[in-house]
Amino acid sequence: MDLKLDHHTKDGIEVVDVEGEIDVYTAPRLRELLIELVNNGHYQLVVNMEKVEFLDSTGLGVLVGGLKRVRAHDGSLDLVCTQERILKIFRITGLTKVFGIHDTVDEAITARKSEK
Amino acid sequence: MSFTPLPVHVRTARLVATAVARRSGVQEALLDEVRLAVGEACSRAVEAHRAHCPAEPVRIELTGADGRFEVVVIDAAARDDDCQGTVPGPGSGNGVPEPGTGLPGGGPPAEGRLDHQEALLPQGLGLAVIAGLADDVKIIRTADGLSIRMSWPSGEYAG
């Protein structure tokens, strides 16, 4: 399964839909998309990982890089993920404390709006 | 088996390893861990080879014996003199570096290579993930490079 990327705006927040496998081969494409969004002025991001089948530390690096970029503009990058096998790598690396991880896109947007 | 150090081959390597693990009787609940750990080890080896010895293939051994399924991922990145001294040294427990310690891969990033420093993640993170996943891990520095040996409990051959 390759990586499929899409994005749309919802309630003023850019939602990135990721499907497939994020690894050393595909992660650069996600990184390029996140950079493009930030360069286009989108600083409030939600990355929907509900259809991600595989994530390794390379993918984590891209997500942390995206978080660094949006934070440079006082922005945010939240994640949507309920899959235990994906959440496990966030727990092992301690990144559950770095990212806001939500069950649904709507929940992520609501949480972000309430923090404003 | 061995494969050309290209990122596109890492997926194939981890799928093959997972399939062999399943056939070797590794429990279904552990297969995700095998897949992720092997992927991490192969990704690290590919990055190291691309930086230091792109013509050398990455080696991976898959064996099952005595109730264990064992995977060994072996890189040859230390054959390049530039790599010397950047791999975790002996005498540090099982060789798994603490976050922030060095791994092969110094020098400018190769084309298409992810810049870990840019991402603010320690370069040893992949090994830390492996240590958190595999039931038993041994990381050995050899004259040629790094050998990552991982194993999981397995049952009877299911073939």
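## Contact between chains A and B

In this predicted model, the contact between the two chains draws 21 residues from chain B and 20 residues from chain A. On the side of chain B that touches chain A, the elements giving two or more residues are α1 (7-23), α2 and α3 (125-133) of chain B. The most comes from α2(B), which gives 6 residues to that side.

Sorted by class, the side of chain B that touches chain A holds 11 nonpolar, 6 polar and 4 charged residues.

## Crossing of α3(A) and α3(B)

Helix α3 of chain A (residues 84-93) meets α3(B), their axes coming within 10 Å and crossing at roughly 110°. Angles of 65 to 115 degrees count as roughly perpendicular, so α3(A) is roughly perpendicular to α3(B). The crossing in which α3(A) passes α3(B) is right-handed.

From α3(A), the residues that make this contact are Ile89(A), Ile92(A) and Thr93(A). Their counterparts from α3(B) are Leu125(B), Val129(B) and Gly132(B). By class, the contact of α3(A) with α3(B) comprises 4 nonpolar and 2 polar residues, with no charged residues.

## Largest nonpolar core

The largest nonpolar core has 72 residues. The members that touch the most other members are Val47(A), Ala37(B), Ala41(B), Cys42(B) and Ile130(B). Helix α2 of chain B (residues 28-52) gives the most to this core, with 10 residues. In soluble globular proteins, nonpolar side chains tend to be buried together.

Cys42(B), one of those members, can be followed through its contacts. With residues up to four places away in sequence left out, Cys42(B) touches Val10(B), Ala13(B), Arg14(B), Val58(B), Ile60(B) and Val73(B).

## Surroundings of Leu55(A)

Leu55(A) lies in strand β3 of chain A, which spans residues 44-55. Is Leu55(A) buried or exposed? A residue needs 20 or more other C-beta atoms within 10 Å to be buried; Leu55(A) has 26 C-beta neighbours inside 10 Å and therefore counts as buried.

Apart from neighbours within four places in sequence, Leu55(A) is in contact with Ile22(A), Leu60(A), Ile86(A) and Ile89(A). Ile89(A) is also one of the α3(A) residues that make the contact with α3(B). Leu55(A) and Arg112(A) are separated by 57 residues in sequence and by 24 Å in space, taken from C-alpha to C-alpha.

Methods
Residues numbered from 1 in each chain as written. Chains lettered and ligands numbered in written order. Predicted model: local features only at pLDDT ≥ 70, side-chain atom pairs only at ≥ 80, totals over all residues. Core = buried A, V, L, I, M, F, W, Y, C linked by C-beta atoms within 7 Å. Buried ≥ 20, exposed ≤ 12 C-beta atoms within 10 Å, placed from the backbone. Helix = DSSP H or I, 4+ residues; strand = E, 2+ residues; numbered from the N terminus. Contact = placed C-beta atoms within 7 Å. Nonpolar A, V, L, I, M, F, W, Y, C, P; charged D, E, K, R; others polar. Axes fitted to C-alpha atoms, helices over the stretch in contact; angles between N-to-C directions. Parallel < 35°, antiparallel > 145°, perpendicular 65-115°, else oblique. Left-handed = near helix turned anticlockwise from the far one by under 90°.
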